[in-house]
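Me: I would like to go through some of the labels attached to this model and ask what each of them rests on.

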Amino acid sequence: MMSSGFSVFRADISFVMMCLFYKSTEDSLPQLSPQNYFNTLQPGKASLAYFCQTDSSSASIFLEQLNEAVSPLQDYGISVAKVNCVKEDTSKYCGNEKNLMKAYLFRGNILLREFPTDTLFDVNAIVAHVLFALLFNEVKYITTPEDLQNIENTLKGKANMVFSYVRAIGTPEHRAVMEAAFVYGTTYQFVLTTEIAVLESIGSENIQHAHLYFSHCEPVRDLAQQCRRTRMEWPLTTLNIHMFVKTMKAPLLTEVAEDPQQVSTLHLQLGLPLVFIVSQQATYEADRTTAEWVAWRLLGKAGVLLLLRDSLEVSIPQHANVIFKKAAKDVPVEYLVFHDVDSVISHVENKIHVEQKQEDEEDDVEDADLDVQDDEVAETVYRDRKKQLPLELTVELTEETFNSTVMASDSLVLFYAGWHAVSMAFLQSYVDVAAKLKGTSTMLLTIINCADWSDTCTKQNVTEFPVVKMYKKGENPVLYAGMLGTEALLKFIQLNRISCPVNIASIQEAEEYLSGELYKDLITYSNVSVLGLFNPAMITAKEYFIEAGNYLKGHAITGIYSRDDVWILSNKYAVTLPALLLAKHKEDKIESIPVAGSHAQDIVQIITSALLETFPEITVENLPAYLRLQKPLLILFSDGIINPQYRKAILTLVKQKYLDSFTPCWLNLKNTPAGKGVLRAYFGPLPPLPVLVLVNLHSDGHVFAFPSDQSITEHSLILWLKELEAGLEHHITTLSAQVWKPPLPAYDFLSMMDAEISQPQPTKKVPECTKERDVRDSGKGQHEDKSSVKKEPMETLRIKHWTRNNWFKETEKSLRHDKEL
């Protein structure tokens with residue numbers, strides 16, 4: 001079975017960390033000389049040495065993290081120290097600068113492992129790397145699905161296995177797995193991987209997070225049979241893994257014959273509910289089989305017991321065949337009736353989910369500060385503060401690496417601030433885009449924390465957060481001005497793969513462009529391709545179109561054709577030059593629009609309007625674009641794809657110009673659940689779907705509902721609209737012109753600071769800088785101001801300083817609270 005060579009030393013392992021000299025009055029690390037350090041080494045005891053010069057202070061961050069690691073390492077009998085190299089010392093570990101960038105792990109006098117210091121980047125990485133190295137015989141690292149299958153085959157009939165996937169070595173999840181292996185490594189075989197392919201091979205769908213599985217290989221006697229796997233549903237923390245492994249050791253099914261209210265098991269002690277399958281003598285065998293099946297389905301989530309009704313003194317309702325008992329004390333049991341196993345499983349899982357959600361909300365209410373609750377975005381970031389983002393998918397820039405990185409490759413840069421709530425919320429979407437583009441794009445996605453590198457951000461004309469800019473060789477940076485969401489940003493990146501407008505070289509290429517074949521992989525991001533037609537002499541008109549195309553870069557596909565044979569396209573599509581051809585690929589039609597005398601802003605407006613669909617599906621992302629039309633919304637709410645007859649009726653009326661004064665659209669509640677809240681605001685209780693309403697947001701706020709007893713046809717719609725126009729229809733509700741304010745009164749930050757700061761702070765001069773010439777800056781009066789950045793008033797700087805410091809205080813308070821738990 002697994003090796004236990006390390007277990008004989010487990011009780012008295014010592015860990016000695018020797019690092020760069022760091023002056024701190026609160027430094028809890030003992031300091032040793034090289035001679036003293038080597039004299040303390042004992043056979044069988046482990047130590048990690050980092051040799052350091054006394055005149056160096058470059059490892060302050062590393063030493064801060066090491067100080068934080070002292071307490072958790074002591075929990076495992078591991079001590080921490082640092083050693084200062086002196087000039088007269090002849091140790092090879094004090095010899096050259098390269099050696100001083102590594103940490104050395106010893107057992108006794110034997111060197112086991114070298115670590116580059118940048119791998120020990122925080123407390124989790126320090127603990128994880130040390131335990132991983134010391135448990136190398138008890139934790140198998142694998143890279144292929146075949147490796148996993150081979151280990152399971154060797155364990156069948158002998159032992160069980162704990163298999164885990166973590167995104168990277170040194171993460172908090174990796175540390176939690178190593179700590180669990182330290183305790184249970186001699187009982188179970190621990191297997192670890194960072195390869196997504198291994199996780200996908202066992203059928204896992206959500207590969208963005210760490211996973212842990214318990215493989216039941218010990219009961220398997222037939223080598224051809226697969227080991228049953230149970231996945232841990234909770235986040236990978238040391239406590240959760242401990243609880244999960246405890247439930248795996250508990251009996252799968254227990255028979256009881258006593259009052260369910262008095263029954264107590266290991267599951268209840270761990271905070272898990274109990275499920276009693278009620279049985280009687282006549283159906284005992286079938287009931288036991290059912291109970292075992294339920295027990296396997298709920299393994300790790302709840303305890304399952306078989307309750308013998310015939311031997312029970314306490315009466316149970318005759319109809320009940322399942323009893324549910326919560327882990328909370330003094331809560332009465334529930335007597336339930338189910339006719340199949342799936343219903344039992346669904347009920348229990350829903351109960352667990354609801355209770356967990358309530359507990360999380362209660363914890364957040366207790367922990368959350370009123371300063372956070374005043375802002376819903378900040379509150380969301382606070383609630384998700386423990387979620388780890390896979391930032392390794394992006395490149396983190398610094399003052400030293402910014403210019404060299406963006407000059408060497410096409411780069412997208414997210415300028416954010418670690419203390420800014422919207423920045424941190426958008427960071428999740430940014431990482432999601434990086435995951436979707438991984439391996440398919442040459443665009444390098446980078447991030448820079450302006451809280452750390454303010455000078456660099458100032459030089460790039462970043463005065464607010466978050467800001468995304470695209471840098472390409474030989475071009476001015478392009479500012480992203482879209483929604484702060486994954487799909488919108490992904491569209492911006494993909495459409496920027498081509499120039500805007502793109503020069504079309506021939507009539508054949510123009511036809512391919514209009515048909516969508518030339519850039520068919522981009523049609524999913526923009527369903528309209530715009531082609532500007534100009535004869536070579538129309539210099540000014542072409543300049544206006546090019547300016548409009550630059551403005552729409554990343555938001556639309558535009559092309560230009562201005563060769564001598566442009567008259568061929570002009571005759572084919574019956575349009576007078578200069579003109580635009582709008583190829584609407586979804587509708588498979590091409591519209592022609594003359595643009596003689598149109599300026600750049602006019603062309604932008606034409607193209608922007610063309611991007612709007614005739615009968616769109618309304619989503620949270622596209623709703624603002626349709627609200628800007630300032631027309632009443634004619635919305636068809638549905639619970640899925642709308643009836644083709646309804647679509648045909650509305651599109652026919654659109655074509656016949658009956659709906660020109662409205663914005664006809666539809667909303668799928670399955671794709672946009674927020675629509676349920678909208679319907680409740682209109683009707684109160686949710687009405688039967690589909691339902692058609694007319695909402696006049698821009699005048700009186702009246703909401704009208706199409707009669708539910710009528711079918712939506714062309715004739716019935718026309719009659720209904722005429723009755724509305726004549727004032728014969730009564731509105732179902734009126735939307736108030738509500739002013740949305742913060743849920744709590746605003747704080748007077750300055751007076752709060754003045755109360756804390758007795759001495760006035762010196763005013764720091766804010767350096768001025770000149771904005772770069774963005775592609776968007778080429779517009780006349782529409783884009784970013786080209787003037788130099790104004791100096792911020794002292795009050796603004798003080799608010800920013802207070803906000804950032806407050807964020808750090810809240811983070812420290814949260815970390816202390818987590819540590820106490």
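Me: Which residue lies over the face of Trp296, and at what distance from the ring centre?

Reply: In this predicted model, Arg228 lies over the face of Trp296, at 3.9 Å from the ring centre, and the distance limit for such a contact is 6 Å.

Me: Why is the pair of Phe163 and Tyr213 called stacked?

Reply: Ring centres must lie within 6.5 Å for a pair, and planes under 30 degrees apart count as stacked; the centres of Phe163 and Tyr213 are 6.3 Å apart and their planes stand at 25°, so the pair is stacked.

Me: What makes Phe163 count as buried?

Reply: Buried means under 20% relative accessible area, and Phe163, at 1%, therefore counts as buried; Tyr213, with 8%, is buried as well.

Me: Why is the pair of Phe534 and Phe545 called tilted?

Reply: Their planes stand at 55°, with the centres 5.5 Å apart, so the pair is tilted, given that stacked requires under 30 degrees and edge-to-face over 60. Phe534 belongs to the loop between β23 and α18, whereas Phe545 belongs to helix α18.

Me: How do you know that strand β23 is largely enclosed by the rest of the structure?

Reply: Six of the six residues of β23 are buried, so the strand is largely enclosed. Both faces are covered, with Val528, Val530 and Gly532 on one side and Ser529, Leu531 and Leu533 on the other.

Technical notes: Residues are numbered from 1 along each chain as its sequence is written. This is a predicted model: local features need pLDDT of at least 70, side-chain atom pairs count only at pLDDT 80 or more; totals for chains, interfaces and linings use all residues. Side-chain values use heavy atoms; hydrogens and water are left out. Buried means under 20% relative accessible area, exposed over 50%, partly exposed in between (1.4 Å probe, protein chains only). Helices (H or I, at least four residues) and strands (E, at least two) are DSSP runs, numbered from the N terminus. Rings of Phe, Tyr and Trp (its six-membered ring) pair if their centres lie within 6.5 Å; planes under 30 degrees apart count as stacked, over 60 as edge-to-face and the rest as tilted. A charge sits over a ring if NZ of Lys or CZ of Arg is within 6 Å of the ring centre and within 35 degrees of the ring normal.
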